[in-house]
Amino acid sequence: MNKFNLVVISGMLAVALTACGNKGGDKTALAGNDVKMLDFVTTQDGTPLVIKPELFDTSQAKQFASTGKNPYIGNTDAETKGKKLFQAYSCTQCHGGDAQGQTGPSLHGPDFHYPKNATNKGMFETIWHGTNNGMGAKGKGLMDPTDASNGLSPDEVLQVIAWIRTHGKITGNE
Ligand code: HEC
């Protein structure tokens with residue numbers, strides 16, 4: 001099937017879905033595949049955290065955006081990649097090589113500085129947008145959380161979290 005046909009078909013699908021599902025004016029962001037996205041909030045003060053739906057660009061990231069469950073939990077490939085990312089993005093500098101805590105807190109849980117980090121949605125929001133006391137967005141203040149090419153993508157954050165969870169007794173998907 002060529003690209004043009006795909007565009008036509010997905011266009012028709014969108015019209016059909018709008019016609020039957022939408023009772024008017026629902027502008028809620030959709031995570032690709034016309035799935036409703038969760039409402040993300042900042043860890044700083046719980047205000048809305050807007051993340052462009054198109055940044056959720058893998059099936060795992062899309063699934064997370066609509067359910068809050070991290071599909072990479074227990075996936076050894078993702079955990080291995082998550083560990084490399086944790087090093088590459090200097091999370092180790094403040095949290096230690098095994099996320100055991102250094103100048104920054106331990107990430108092993110189950111007790112967290114911010115209790116919401118016991119959930120994968122909460123930890124995602126913390127890593128994406130940072131905190132007021134030393135944790136920059138995506139670990140560094142200089143990364144632009146609206147730009148997937150700048151720093152970690154949502155899919156990569158989920159893999160980092162999957163690795164972090166290997167150290168604790170909770171998966172965050174409870
Ligand atoms: C410059 C040091 C620094 C770097 C780099 C850094 N962090 Fe942090 N992080 C902190 C500090 C300090 C806190 C505690 C923040 C607070 O209390 O507001 C924190 C908090 C956190 C928390 C919440 C912990 C809790 O108990 O609630 C998570 C999760 C986290 N960081 C993950 C990461 C990840 C993943 C990276 C890499 C992408 C990273 N951090 C990079 C300093 C850092």
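At what angle do H3 and H6 pack, and how far apart are their axes?

1. **The chain overall.** This is a predicted model, in which local features need pLDDT of at least 70 and side-chain atom pairs count only at pLDDT 80 or more, while totals for chains, interfaces and linings use all residues. Residues are numbered from 1 along each chain as its sequence is written. The chain has six helices and zero strands, with the pattern α-α-α-α-α-α along the sequence. Helices (H or I, at least four residues) and strands (E, at least two) are DSSP runs, numbered from the N terminus. Of the 174 residues in the chain, 28% are buried. Here a residue is buried if 20 or more other C-beta atoms lie within 10 Å of its own, exposed if 12 or fewer, and partly exposed in between, with C-beta atoms placed from the backbone.

2. **The H3 and H6 pair.** To answer the opening question, H3 and H6 pack at an angle of about 100 degrees, with their axes 7 Å apart. That makes H3 roughly perpendicular to H6. For reference, axes are lines fitted to C-alpha atoms, for helices over the stretch in contact, and angles run from 0 to 180 degrees between N-to-C directions. Angles under 35 degrees count as roughly parallel, over 145 as roughly antiparallel, 65 to 115 as roughly perpendicular and the rest as oblique.

3. **Who meets whom.** On the H3 side the residues are Ala78, Glu79, Lys81, Gly82, Lys83, Leu85 and Phe86, and they meet Glu156, Gln159, Val160, Ala162 and Trp163 in H6. Contact means that the C-beta atoms of two residues, placed from the backbone, lie within 7 Å. By class, the contact of H3 with H6 has six nonpolar, two polar and four charged residues. The classes are nonpolar for Ala, Val, Leu, Ile, Met, Phe, Trp, Tyr, Cys and Pro, charged for Asp, Glu, Lys and Arg, and polar for the others, Gly among them.

4. **The two sides of H3.** Helix H3 (residues 76-88) has 13 residues and spans 18 Å from first C-alpha to last, close to the 18 Å expected at 1.5 Å a residue. The expected span is 1.5 Å times one less than the number of residues. Its buried residues are Ala78, Gly82, Lys83 and Phe86. They cover an arc of only 140 degrees around the axis, which puts them on the same side of H3; the arc is that of the directions from the helix axis to the C-beta atoms. Turned away from that buried side, the other face carries the exposed residues Asp77, Gln87 and Ala88. Helix H4 (91-95) and helix H6 (154-165) are among what covers the buried residues of H3. Following H3 comes Ser90, with a positive phi near 60 degrees.

5. **H6 itself.** How many residues of H6 are buried? The count is 12 of its 12 residues. H6 reaches 17 Å from its first C-alpha to its last, close to the 16 Å expected at 1.5 Å a residue. The cover over its buried residues includes H2, H3 and H5.

6. **H2 against H6.** The axes of helix H2 (residues 59-67) and H6 come within 9 Å and cross at roughly 80 degrees. H2 and H6 are therefore roughly perpendicular to each other. Gln60, Ala61 and Phe64 of H2 make the contact with Pro154, Asp155 and Leu158 of H6. By class, this contact has four nonpolar, one polar and one charged residues.

7. **H5 and Phe124.** H5 is mostly covered, with nine of its 10 residues buried, and its buried residues pack against H6. Phe124 lies in helix H5 (residues 120-129) and counts as buried because it has 27 C-beta neighbours inside 10 Å. Leaving aside neighbours within four places in sequence, Phe124 is in contact with Val157 and Ile161. Just after H5, Gly130 has a positive phi of about 80 degrees.

8. **After H6.** Ile170 sits in the segment after H6. With 15 C-beta neighbours inside 10 Å, Ile170 counts as partly exposed. Not counting residues up to four places away in sequence, Ile170 touches Gly109, Pro110 and Ala118.
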